[in-house]
Amino acid sequence: MRKHRPRVVPTSRYHNYVPGETTLRVDRQKWGGMALNLYTLPANLESTVSPGIPDFGVSFIYEGHVKGQCVLNDAKPLTRELGPGSILLYDRCNSLQWTWQSQRPEDSPVRAVSIYLPPELLKKITLETLDKDSKGIELPNNIAIQDNFVSQLALELKNEAEQSTVFGKLFGETAAQLLAIHLLRKHCTIRREAPECRFGLSRSQLENIREYIDTHLDLDISLETLARLCGLSAYHFARMFKVSTGLPPHQYVIKRRLEKAKQLLSDTTLPILHIAMEVGYESHSHFTSIFKKAVGCSPSEFRRRI
């Protein structure tokens, strides 16, 4: 008797990783590195293999009921009831093998939102927030979990993709950051603490960095830009900078922005919105929120006291 071989799905594009019809696709260049696909999948699916996916994956099923079996990286099969609200998490570079069957003849096809996050985005957030690099970030493979935050965000991204509003690019980029942070907080594991850094920047390097920051406070100062000025990787620069100053780069930039803002509030009559833009904040409300949190009063109250 001829042995059945699972069908292999091509790997050229995200929409080919899933054995179904791609009804809508948002490429990663549009939303800050995050890609999104909407899929319609058959209610009954034969054994299907998808080779490695380069990004972290999150799928949210919003229609259809099936009983499915999933094999991730040739591990022990996972069998779950899947329906609206089911969330699937899978790490990058997995081999995915699916088999599922509808539970009733009248069951509709499965419809899902799949979101793909590049590893570079999670690594960048890890470095900026935890001030450390990691040998690897792992997203534990799982199917049919419940997560209200992911569910709501997936539906909002689906709506935005379908409507394509003027806020789409900003919304997509912001959502990518939020989803990456949420996965790091709630689901991911970060392997290996980096060894302690004992050596800081040289005197000339530190002077150059401080001068660059002070003369570009009105711009978006990225960690990568500062690292390039010293000829270092972003990771090593951040660690050496903290040894030299006692602060991570982004906190130092905020500190200098607030110091300049206080000087302008004290010595000039410039409007607060103008001062906000001078120190790198695009809105009065954002600047006021940051200032009040750090100083204990609003910019206008600070000026009155002076």
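A nonpolar core is a set of buried Ala, Val, Leu, Ile, Met, Phe, Trp, Tyr and Cys residues joined through side-chain atoms within 4.5 Å; buried means under 20% relative accessible area with a 1.4 Å probe, protein chains only. The model is predicted, so local features need pLDDT of at least 70 and side-chain atom pairs pLDDT 80 or more, while totals for chains, interfaces and linings use all residues. Residues are numbered from 1 along each chain as its sequence is written, and side-chain values use heavy atoms, without hydrogens and water.

**View 1. The largest nonpolar core has 31 residues.** Leu36, Ile115, Leu117, Leu122, Leu157 and Leu183 have the most contacts inside this core. At least two of its residues come from each of β3, β5, β8, β10, α1, α2 and α3 (DSSP runs: helices H or I, at least four residues; strands E, at least two; numbered from the N terminus). Helix α3 gives the largest share, 6 residues.

**View 2. Helix α3 has 19 residues.** From first to last C-alpha α3 reaches 26 Å, close to the expected 27 Å (1.5 Å times one less than the number of residues). Its buried residues include Gly168, Gly172, Ala176 and Leu183. Beyond neighbours within four places in sequence, Leu183 is in contact (heavy atoms within 4.5 Å) with Val58, Leu89, Leu117, Leu139 and Cys188.

**View 3. Arg257 lies in helix α7, residues 249-267.** Arg257 is buried without a salt bridge (a side-chain nitrogen of Lys or Arg within 4 Å of a carboxyl oxygen of Asp or Glu). Asp220, the nearest side chain of opposite charge, is 5.5 Å away. The Arg257 side chain reaches the backbone oxygen of Leu219 at 2.7 Å.

How values were computed. Buried < 20%, exposed > 50% of the residue type's maximum accessible area, 1.4 Å probe, protein only. Lys, Arg positive; Asp, Glu negative; His and termini not counted. Polar contact = N/O pair within 3.5 Å; in protein donor to acceptor, adjacent residues only side chain to side chain.
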